[in-house]
Amino acid sequence: MDIYTANEQRHESIPCRRCGNSGLFLPLVSLGLWHNFGHADSRPAFSKMLFHAFDRGVTHFDLANNYGPPPGAAEENLGRVLREGLARYRDELVISTKAGYPMWPGPHGSGGGRKHLVASIDQSLKRTGLEYVDVFYSHRPDPGTPLEETVEALADIVRRGKAIHAGISNYEPERAKRAIDLLREAGAPCVAHQARYSMFARTPEQALLETLAREGVGMVAFSPLAQGLLTDRYLNGIPEGSRASRGNFLQPGQVTPEYLARARRLNAIAAERGQSLAGMALAWLLKNPGVTSVLTGASSTGQIDENLKALQHLDFSPVELAAIDEALA
Ligand SMILES: NC(=O)c1ccc[n+]([C@@H]2O[C@H](COP(=O)([O-])OP(=O)(O)OC[C@H]3O[C@@H](n4cnc5c(N)ncnc54)[C@H](OP(=O)(O)O)[C@@H]3O)[C@@H](O)[C@H]2O)c1
């Protein structure tokens, strides 16, 4: 097989934002490997998606130890694509991974304990074949373990050069603030917080966005398309092969008449802006400069291209914003 050579214009199409007040930059649109990068998925298809994304300027790929199926498969598959040629561009890539959800049997197979985090980063490096990741996240808070222990493990992983930066995910604002303070004291400042944020999931607007902006920490918005609900994927039924058809985290039962009415209202607003619903949903998040990157998923190169079109129209008039709020009410 020919070794991959990247498009020379790759850095010209997507602007990057600084992650909080750190020296790390993320493209406005990033790609996550939660779905579609497991061992049952098509290897040519996911190689193509990663090469295509990078060619278009998507320089940030997000993983977790448990992404698959089976858990670990997405990291192994990224490792394969790196060996197919992407590794030549390692210094341009921002690769993140996480630990905290169940990964192996026994009490140390999940959580925020030092043993879980330290063992997990070693496993992730082995699976991907990387010498280091760019961001290593505590994937979720662990109320049973002292936050100091979680933070000290993250800081140690950074000090040992296994990750360049530390991050947190799914932490509620108060705990996030404490973790950010402790990481700063430990000399491994928190660069990013990953949180679920979309038109359909607006909890971060209550306090988290403000906390992160104040603390100079980047906000990476995951599931920005509500797993496909904020696209035209389900407007005319549940297509075969879609995430909802597989009942994999997105259930067919979520495609209700109420959802469809709302999505159709949003789709009409997007059409008036000359955008797809997916494009508008991503632009709507990125209008906030505190959102460093929208962390999308995709099952085809066409979806990646569609989502990058969001960048062509990022501004909203007050009338459009009011219409969106009304459609969501
Ligand atoms: N930190 C955390 O706890 C956490 C949790 C969840 C996710 N994440 C991260 O966030 C990433 C993204 O999450 P997500 O996959 O839920 O994101 P998403 O962007 O909300 O949903 C992606 C899915 O939407 C559909 N889609 C995407 N673009 C489309 C388009 N233009 N038109 C029609 N359908 C489209 C595809 O579904 P089909 O497969 O049906 O085509 C795709 O797999 C993950 O990979 C992971 O890295 C982090």
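## Basis of the model

Because the structure is a predicted model, local features are given only where pLDDT is at least 70 and side-chain atom pairs count only at pLDDT 80 or more, while totals for chains, interfaces and linings use all residues. Residues are numbered from 1 along each chain as its sequence is written.

## The barrel

Eight strands form a closed barrel in the order E3-E4-E5-E6-E7-E8-E9-E10, with parallel pairing; strands (E, at least two residues) and helices (H or I, at least four) are DSSP runs numbered from the N terminus, and two strands pair if DSSP finds at least two bridges between them. Neighbouring strands of this sheet are turned by 30 degrees against each other on average, direction ignored, where axes are lines fitted to C-alpha atoms, for helices over the stretch in contact, and angles run from 0 to 180 degrees between N-to-C directions.

Helix H3 (residues 114-128) lies across strands E5 (94-99), E6 (133-138) and E7, running at about 140 degrees to E5.

The 13 residues of helix H4 (residues 147-159) should span 18 Å at 1.5 Å a residue, and this agrees with its end C-alpha atoms, which are 18 Å apart; the expected span is 1.5 Å times one less than the number of residues. Buried residues of H4 include Leu147, Val151 and Leu154, and the buried residues of this helix pack against H3, E6, E7 and helix H5 (173-185), contact meaning C-beta atoms, placed from the backbone, within 7 Å. Just after H4, Gly161 takes a positive phi of about 80 degrees.

## Around the ligand

The ligand is surrounded by 30 residues, of which the closest are Gly32, Trp34, Leu225, Gly228 and Gly297; a residue is near a molecule if its C-beta atom, placed from the backbone, lies within 6 Å of it. Strand E10 (291-296) and helix H10 (301-308) are the elements that give two or more residues to this shell, and H10 gives the most, with three residues.

Conventions:
Two residues are in contact if their C-beta atoms, placed from the backbone, lie within 7 Å. A residue is buried if 20 or more other C-beta atoms lie within 10 Å of its own, exposed if 12 or fewer, and partly exposed in between; C-beta atoms are placed from the backbone.
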